[in-house]
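The sequence and the model are shown first.

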Amino acid sequence: LADPDIGPKIHLLPDEASWIGGDITAGISANAFIGNPASTFSGFIAKARLSLGMGDTYLFRAKNEQGEWENVCETECIFHKWIMHFMA
């Protein structure tokens with residue numbers, strides 16, 4: 001929130017307005033979703049966004065030797081059982 005570029009664009013939902021169905025809907029329909037690759041919740045949202053043609057999920061990223069972020073797995077990795085195990 002303190003970031004001068006993206007901070008003003010971030011909208012936080014108050015706890016009393018938050019529920020699992022609404023949170024999933026907000027994550028799926030958002031312009032951007034910042035997820036956690038270890039989260040089944042994030043995985044579900046990433047799958048839905050890919051299925052709807054919303055493009056890369058950016059869940060599988062790491063810094064390279066130059067300190068730049070890059071994809072370390074194809075976008076479709078979210079659907080592979082050998083990567084996601086029971087969450088695929």
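## Surface and burial

Accessible areas here come from the Shrake-Rupley method with a 1.4 Å probe. For this chain, which is a predicted model, the accessible surface comes to about 6600 Å², and carbon and sulfur atoms hold 58% of that area. Of the 88 residues, 25% count as buried.

On the surface, L1, I6, I10 and L12 form a nonpolar patch, whose accessible area together is about 420 Å². One of these residues, I10, sits in the segment before helix 1, the helix that spans 20–29. I10 is classed as partly exposed because its relative accessible area is 36%, a value that falls between the limits of under 20% for buried and over 50% for exposed.

## Order of the elements

The secondary structure of the chain consists of three helices and two strands, and, read from the N terminus, these elements follow the order α-α-β-β-α.

## The largest pocket

The largest pocket has a volume of about 890 Å³. Its lining is made up of 25 residues, and those closest to the centre of the pocket are H11, A30, A32, F33 and I34. Helix 1 and helix 2 are the elements that give two or more residues to this lining, and helix 2 gives the most, with four residues.

A32, one of the residues closest to the pocket centre, is found in the loop between helix 1 and helix 2. Is A32 buried or exposed? Because its relative accessibility is 58%, A32 counts as exposed, the limit for that class being over 50%. A32 and Y58 are separated by 26 residues in sequence, while their C-alpha atoms are 9.9 Å apart in space.

S42 belongs to helix 2, which covers residues 40–51. With a relative accessibility of 5%, S42 counts as buried, since the class takes in values under 20%.

Which residues are in contact with S42, once its neighbours within four places in sequence are left aside? The contacts of S42 are then with F33, G35, N36 and L59.

Definitions and conventions
Residues numbered from 1 in each chain as written. Predicted model: local features only at pLDDT ≥ 70, side-chain atom pairs only at ≥ 80, totals over all residues. Heavy atoms only, no water. Buried < 20%, exposed > 50% of the residue type's maximum accessible area, 1.4 Å probe, protein only. Patch = residues over 30% accessible without salt bridge, like charges linked within 9 Å, V, L, I, M, F, W, Y side chains within 5 Å. Salt bridge = Lys/Arg side-chain N within 4 Å of Asp/Glu carboxyl O. Contact = heavy atoms within 4.5 Å. 1 Å grid on protein atoms, 1.4 Å probe; cavity = no way out; pocket = protein on both sides within 12 Å on 5 of 7 lines; lining within 4 Å. Points joined across faces, edges and corners; volume = space filled by probe spheres on them.
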